[in-house]
Amino acid sequence: MGERVKKLLAKMTLAEKIGQMCQVAGTGGISQGLRNAVREGKVGSVLNETDMATLNEIQRVAMEESRLGIPVIIGRDIIHGFQTMLPIPLGQAATWNPDLIRKGARMAAVEGRSAGVHWTFAPMIDVTRDPRWGRIAESPGEDPYLTSVVGAAMIEGFQGKNLSDRDSLAACAKHFAGYGYSEAGKDYAYVNISESELRNIALPPFKAAVDAGVATFMTAFSDINGVPATGHAYLNRTVLREEWGFKGFVVSDWDSVIQLITHGYSESEKEAARASVAAGVDMEMASQTYLYNLAALTEEGKISEAMIDECTANILRVKFELGLFDHPYTDPVHFPEKGNPEHLDIAEDAARESIVLLKNDYNVLPLNPDNLQNVAIIGPMADDAHEQMGTWTFDGKEAWCRTPLQAIRERLKGKANLHFAKGLSNSRSRSHEGFAEALDIAAKCETVIMFMGEEAILSGEAHCRADINLPGAQNELLAKISKLGKTTVLVIMAGRPLTIEQTGHYTNAMLYAWHPGTMGGPAIADIIFGDAPPSGKLPVTFPKHVGQIPIYYNQRMSGKPATHDSFTYIDNIPQRAPQTSVGNTSFHMDVGFEPLYPFGYGLSYTRFHYGDVRLSAHEIKADESIEIYIDLTNTGERRGAETAQLYIRDRFGSITRPVRELKGFKKIWLDPGQTETLTFTLHADDLAFYNAENKRVVEPGDFDLWVGGDSRADRHAHFKIIE
Ligand code: GLC
């Protein structure tokens, strides 16, 4: 590979090298301008074109009409499926099933490559603790370990066994780095993040992506502590190249090079181009400052040609690895039909395992179709294919979708009468016009299944919310329905955690389905009627109130931590209470200090019992590992899946350490009465962290570990790392 790159580079003019560093946006079809630019070697990549004939023609011009015949690499946001849509990434993370996530990415790659796309701008692996931020929908959630596992699984799925296989899709770890810390959960806002937080929380998933062999990186829009990520040499060169040895190429985000001017970091397009190349950004997306300025910058000695060679070599290397020189054209004969039954099954499996059971009072779920007479289906999310696919659904096929209403209608055919009313025209509607019809059908039925949540447009890029309650008049409708005293089941589809404490009071049972994708309907029906048990677990904390944000499980301890008896709830404070009488610990007087639902939480239709934790040793050295054993029993009457989670705490460190850190998990299916012994292996190196000197260290000392079904896991053991 190196030789092929070197030989080709030696033949290239400066202009042709710069051409490889330019990515242009497709405009639907091949304009004369694009045709000329490709022929003149000014285009290294095209994004947002997915018509195969157009892509093959663009490639033909590159291969046959340009001087050196260097193929163009075609990029697209294939974030959670191409035409067959998987659940949004936050929902996929809720499956805690890396194999299934890998399978979904593989399916997406096959569909994307069959359309002529070579490169996806995924996985997005920006850890975030702020559900106000619309892009939490695209993320695997709040935890660096789970995000690392999910990101690596997606990369492996996208890129397949060999990047040169016809159905491999080059992946892109984005957005490097710290984007999930956007101030106040507002997209594109500046990021203030400590070196320790960056190193110990935000960066590990990106390191895991490099270890998984990701072909490309994308820089974030964000200003990171005063330096925009696209101009951040420390991140893109020191960390990514020198420390981690990344060999692929780095692309800017859309216009993020020219935005260095808007940030007030670069004074001109020429300076923005210089700063970005100097910071290690090999390819410029959309804006064209490289095309118009790099030659002059090189001739003026402000950028060395060696630097241009390095950027070009990084890009050519990926193109060779992708096999684009050997098979530049796409022929559908090599690919299965998009949206074929196998793809739909994968989408359904992923949707099914993404669903989290949050509440199930009186075990109203699962519903037994044989015992149902009249069932009301109510809500704006019950029958809307577009909305259930969620954000980043550029190519999703609405016609292939199966909605909950369709699936339930089919499931109850010949068994029960079904009545449907939207109640609200969409998730944001504040009109009560549709209430009467909804309440009327609910009154006629014994069972009411409600579908509420957020339209797809309310999450994703630039779609942030300061109030994360159910939008519109949904809570008001739910409150009125709840007064009818029926058996109620609520399914929420949303692109983020919502503040649903009050909402939960209006229903007996509550399922969280995120935006479940093409096969969301059948997946939800399977869970509601017990054809499959719910197995999802939360990849993100659910706050009681937006004012608690950021609230997450792996926080650092306080010197004055709150406990249940350490604070007085605001309504219980007597008049003229003495100043120190309400408790001097870390809480909010009006909501307390706990979330509504913790990270890792999810109920089942059965019950699981964890035995005591057993350890292979209670003392290990810094180069040794420990085996952790625990018996897990299904003590209920139904088969179910449990994701047993392993958390640790480093009790004392040279810097304070989180009160808990996820370091392993195992998802296992058990029949009633079945017991399995789970084994976790913990290497001392898994406990390493970056200290105040920014050095990665494993410090001797006392550690706690817990195993359980969520981040409040209580099966405890203690061990030491010794010198
Ligand atoms: C967008 C997003 C990025 C996406 C790119 C191409 O602005 O920030 O995630 O991959 O542009 O669409």
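Let me begin with a definition: a helix axis here is a line fitted to C-alpha atoms over the stretch in contact, and the angle between two axes runs from 0 to 180 degrees between N-to-C directions. Please keep in mind throughout that this is a predicted model.

The axes of α12, residues 269-278, and α13, residues 289-299, approach within 9 Å and cross at roughly 80°. Because angles of 65 to 115 degrees count as roughly perpendicular, α12 is roughly perpendicular to α13. On the α12 side, the contact is formed by E269, K270, A273, R274, S276 and V277.

I turn now to the ligand. Which residues come nearest to the ligand? Of the 13 residues around it, they are D77, R135, K174, H175 and D253. The shell as a whole divides into seven nonpolar residues, one polar and five charged.

Several polar distances may be of interest to this audience. An N or O atom in the side chain of D77 lies 2.5 Å from an oxygen atom of the ligand. For D253, a polar side-chain atom is 2.6 Å from a ligand oxygen. The side chain of E461 also places an N or O atom 3.0 Å from an oxygen atom of the ligand. As for burial, the ligand taken alone exposes 310 Å², and the protein buries 94% of that area.

Two of the residues just named return when we examine the backbone. The peptide bond from K174 to H175 is cis, with omega near -5°. H175 belongs to strand β5, residues 172-176, and both K174 and H175 are among the residues that come nearest to the ligand.

A further cis peptide bond runs from I549 to P550, with omega near 5°. Where is P550 found? P550 sits in the loop between α21, residues 520-528, and β17, residues 608-610.

Finally, N48 has phi near 65°, a positive value in a residue other than glycine. N48 is located in the loop that links β2, residues 45-47, with α4, residues 52-65. Thank you for your attention.

Notes: Residues numbered from 1 in each chain as written. Predicted model: local features only at pLDDT ≥ 70, side-chain atom pairs only at ≥ 80, totals over all residues. Heavy atoms only, no water. Helix = DSSP H or I, 4+ residues; strand = E, 2+ residues; numbered from the N terminus. Parallel < 35°, antiparallel > 145°, perpendicular 65-115°, else oblique. Contact = heavy atoms within 4.5 Å. Near = heavy atom within 4 Å. Polar contact = N/O pair within 3.5 Å; in protein donor to acceptor, adjacent residues only side chain to side chain. Areas by Shrake-Rupley, 256 points an atom, 1.4 Å probe, with all protein chains shown as cover. Nonpolar A, V, L, I, M, F, W, Y, C, P; charged D, E, K, R; others polar.
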